[in-house]
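Please keep the sequence and the 3D view side by side as you read.

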Amino acid sequence: MKKFRPINQKNILQIFENKTGLTLTPPKSHHYGVRTAIALGLAAIFGCTIVSATDLFSSLNNDQLSLLASYEGNGIVSVTVENKSSKHLVFEENLKVIRWTTSEELPSSGTVSFQGTKIPAHSSGTMTIDLSSAYDVELLEQPLPARDGYYLLLTNNGFLFGQDWMCTVPFCEPLEPEVQTTSQPESRVNTEFLEEISENLQFYFQGGPLYGEELRTLNDAYQREVEALFSQFSGTVVPSVVSGLLVGNPEPSVVFDPDQPQEIQPQLIWEQYSSVDLNNKLLATEKEKALILSAIVPLSTYSNAGADIPLFYLFSYEKAAVTEESCAFIRGKLIPFSQLQQYLIYEDDQYLLYDFSALIYSDWQEYVQQAVSQRNDIRWDEKTQAMVQRIYDYYKENLSKLIYLRS
């Protein structure tokens with residue numbers, strides 16, 4: 001096939017202008033302008049009807065969405081989609097299944113079925129995907145090493161850049177990493193933190209991360225002590241809730257990594273709910289979860305994969321349940337809400353949202369270093385450190401302005 005040359009473009013535009021009387025001047029500030037003009041010219045010449053790519057949902061046009069997947073078993077994946085744009089979003093019934101650490105695309109041998117692919121503007125919906133006829137479900141459900149797994153690559157326009165999205169799917173629990181119990185890194189919990197925790201609970205926060213049976217044994221012992229603490233407490237303990245409050249994307253002009261294009265900057269942030277910190281220690285009670293905002297840092301082993309470094313721990317509470325005398329239970333401590341006002345970053349008629357990061361760690365840079373030390377595959381050079389610093393500084397200053405309630 002011959003290459004499309006500039007002279008071909010010029011001829012097509014000239015024919016189009018002659019037939020229609022219109023002058024096409026591609027906008028200088030948008031690199032899709034020329035493509036759109038060429039497509040219009042082809043449509044005029046061949047009498048076909050087309051839809052411009054700029055009319056479709058695209059991150060290049062600042063259209064935004066959020067995806068949260070859950071695995072239902074037997075190859076069935078449910079994806080909660082929030083369309084934050086003024087455009088309708090229609091997913092193609094096509095996807096790719098890719099492994100995180102190797103960027104390897106899994107081969108398919110059949111048809112993937114979709115339901116709920118249309119998400120209207122400014123609304124949420126659930127898309128159901130059945131992989132069972134196209135992929136080896138037993139393979140997908142085989143445990144992988146910690147921090148590895150699979151993601152779905154979804155699209156609304158042939159996997160074009162700006163119109164494809166990654167969505168992690170937890171097909172199974174990860175393998176428990178091998179832990180050298182004789183050389184565990186010591187937890188860098190500050191001495192004053194331990195002193196403020198009930199003496200009967202201090203044992204839980206000493207030492208490094210645990211896994212498997214050792215972690216389960218430790219958690220059971222901790223839970224028994226927590227129940228005993230609550231039984232002796234005469235006040236009210238208010239549990240946190242998963243409220244639907246989320247952190248929005250940074251402003252379009254914000255740059256965290258100068259080496260990445262502008263549309264990639266929001267992808268350097270990761271939000272997830274979790275009940276544990278980076279040492280696998282419970283943040284509150286066993287049933288409570290925090291919304292954790294993390295930076296995604298590059299790996300030294302795979303160029304297309306990254307690791308999450310937790311930076312902010314956000315807790316939501318039902319506003320009607322909170323009084324100045326009631327308490328929150330955070331990291332082994334019962335703390336009256338009257339003492340937590342300094343951590344409040346968002347409030348509406350239903351929820352209170354607190355940034356309790358300062359109750360999890362006192363020095364965020366030390367905490368980040370601890371997270372990095374637990375892995376040997378992170379590319380922790382000056383550029384990465386500068387990127388994490390920018391992310392932390394931006395969200396530390398702007399968190400309260402970026403909170404919104406998922407509809």
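In this structure, the side chains of E213 and R216 meet in a salt bridge with a distance of 3.4 Å from N to O, where a salt bridge is a side-chain nitrogen of Lys or Arg within 4 Å of a carboxyl oxygen of Asp or Glu. The model is a predicted one, in which local features need pLDDT of at least 70 and side-chain atom pairs count only at pLDDT 80 or more, while totals for chains, interfaces and linings use all residues. Residues are numbered from 1 along each chain as its sequence is written, and side-chain values use heavy atoms, with hydrogens and water left out.

**Salt bridges**

- Side chains of opposite charge can pair when their charged atoms come close.
- By the rule given above, the count comes to six salt bridges.
- E213 and R216 are three residues apart in helix α5 (residues 212-231), so about one helical turn separates them; helices (H or I, at least four residues) and strands (E, at least two) are DSSP runs, numbered from the N terminus.
- R216 counts as partly exposed because its relative accessibility is 43%, given that buried means under 20% relative accessible area, exposed over 50%, and partly exposed in between (1.4 Å probe, protein chains only).
- D259 forms a salt bridge with K383, with the closest N and O atoms 3.3 Å apart.
- Because D259 lies in the loop between β10 (245-247) and β11 (269-274) and K383 in helix α8 (residues 382-402), this pair ties together parts that are 124 residues apart in sequence.
- Both D259 and K383 are exposed.

**The sheet of β4, β8 and β9**

- An open sheet of three strands has the order β4-β8-β9 with antiparallel pairing, and two strands pair if DSSP finds at least two bridges between them.
- The edge strands are β4 (95-99) and β9 (164-169), each of which pairs on one side only.
- Five bridges join β4 to β8 (residues 150-155), and R99 stands opposite Y150 in β8.
- Six bridges join β8 to β9, and L154 stands opposite W165 in β9.

- L106 has its place in the loop between β4 and β5 (113-115), and it counts as buried because its relative accessibility is 9%.
- Leaving aside neighbours within four places in sequence, L106 is in contact (heavy atoms within 4.5 Å) with V97, R99, Y135, L139, L140 and Y150.
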